[in-house]
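Please examine the sequence and the structure shown below before reading on.

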Protein chains: 2
Amino acid sequence: MGILRKTKNLETILDIFRQSNEALSANLLFERLHERMNRSTVYRLLERLEDDGILHSFASMDNVKFYALRQDCISSGDVHSHPHFQCTSCNQVVCLEQEVVFPTLNRMRIEEAQIFLKGQCNSCLSQ
Amino acid sequence: MGILRKTKNLETILDIFRQSNEALSANLLFERLHERMNRSTVYRLLERLEDDGILHSFASMDNVKFYALRQDCISSGDVHSHPHFQCTSCNQVVCLEQEVVFPTLNRMRIEEAQIFLKGQCNSCLSQ
DNA sequence: CAACTAATGCGACTATGTTGCAATAATAAA
DNA sequence: TTTATTATTGCAACATAGTCGCATTAGTTG
């Protein structure tokens, strides 16, 4: 797949992700667009942006799919992944920078890894 | 909350979890019961068993809530968690035994952690 | 065994996500 | 610039996961 046409909707969504380092669910994005974009379009654009490697996705602890801009990652034979963090006070979800490497275990081949953390973020702690 | 009455439905669900070390979603459980229990009852019992500390839950990468028997865990000041693993061939979800400890980071207070891994399990690899 | 009330089944509902189809708009070709 | 092509969009209907109120059923206690 990948992006074929550079549409206004696509640019609008990309701008929102570029304006902050937050991760967003389809619904949060939909709200932030003041519902001026069709719900299916939001879902379809998120999927296309992920296919194209511009966004990546992960599941929150509440079973909601979140998307964030894909950062460059280290490459090696092992599977690696950065943790995702949700603040229990302000509810913001962000990608953490520190990569975690999962060595291949002897009994199973690990192909994908996801770490999700919950707690209090820096700015909520200092209030 | 917690369990107040020991009903047939409760025993049925507990037996299914005790018969294997698999983790199950509400729907997998519902199927395994040959749909002989009401869907709401399944959800309510899973919630109650979790409140009571008998089951624990986690989100799969497909944003589905899974439940498994709670094992005894190490206790310390740090947050700890065992990873969950889903085989991409047979789709089984299991808890891994190795606990992972998350030291408290300087910038945020971590209260909960979840690790989800995907890959090929031992028995699928050796086929 | 009677009384109390937690647990259940039912149906309606919400939230999240998907799909087919006709209309629209981005791009390529003339 | 204009036209032709077809990816993208909005709409509506659908699918799946999960929740809730309420009347009935069935554990538990005395």
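A phosphate oxygen of DNA strand D is 2.8 Å from a polar backbone atom of Lys6(B). This is a polar contact (a pair of N or O atoms within 3.5 Å). The table lists this contact with two others.

| Protein atom | Atom of DNA strand D | Distance |
|---|---|---|
| Lys6(B), polar backbone atom | phosphate oxygen | 2.8 Å |
| Ser40(B), polar side-chain atom | base nitrogen | 3.1 Å |
| Leu4(A), backbone N or O atom | phosphate oxygen | 3.4 Å |

Two elements give two or more residues to the surface near DNA strand D: helix H3 (39–51) of chain A and helix H3 (39–51) of chain B. Helices are DSSP runs (H or I) of at least four residues, numbered from the N terminus. H3(A) gives the most, with 5 residues.

The model is predicted; local features need pLDDT of at least 70, side-chain atom pairs count only at pLDDT 80 or more, and totals for chains, interfaces and linings use all residues. Residues are numbered from 1 along each chain as its sequence is written, chains are lettered from A and ligands numbered from 1 in the order in which they are written, and side-chain values use heavy atoms, with hydrogens and water left out.

In total, 18 residues surround DNA strand D, the closest being Thr7(A), Thr41(A), Arg5(B), Lys6(B) and Asn27(B). A residue is near the strand if one of its heavy atoms lies within 4 Å of it. Of the atoms of DNA strand D that come within 4 Å of the protein, 65% belong to sugar and phosphate.

Key: Polar contact = N/O pair within 3.5 Å; in protein donor to acceptor, adjacent residues only side chain to side chain.
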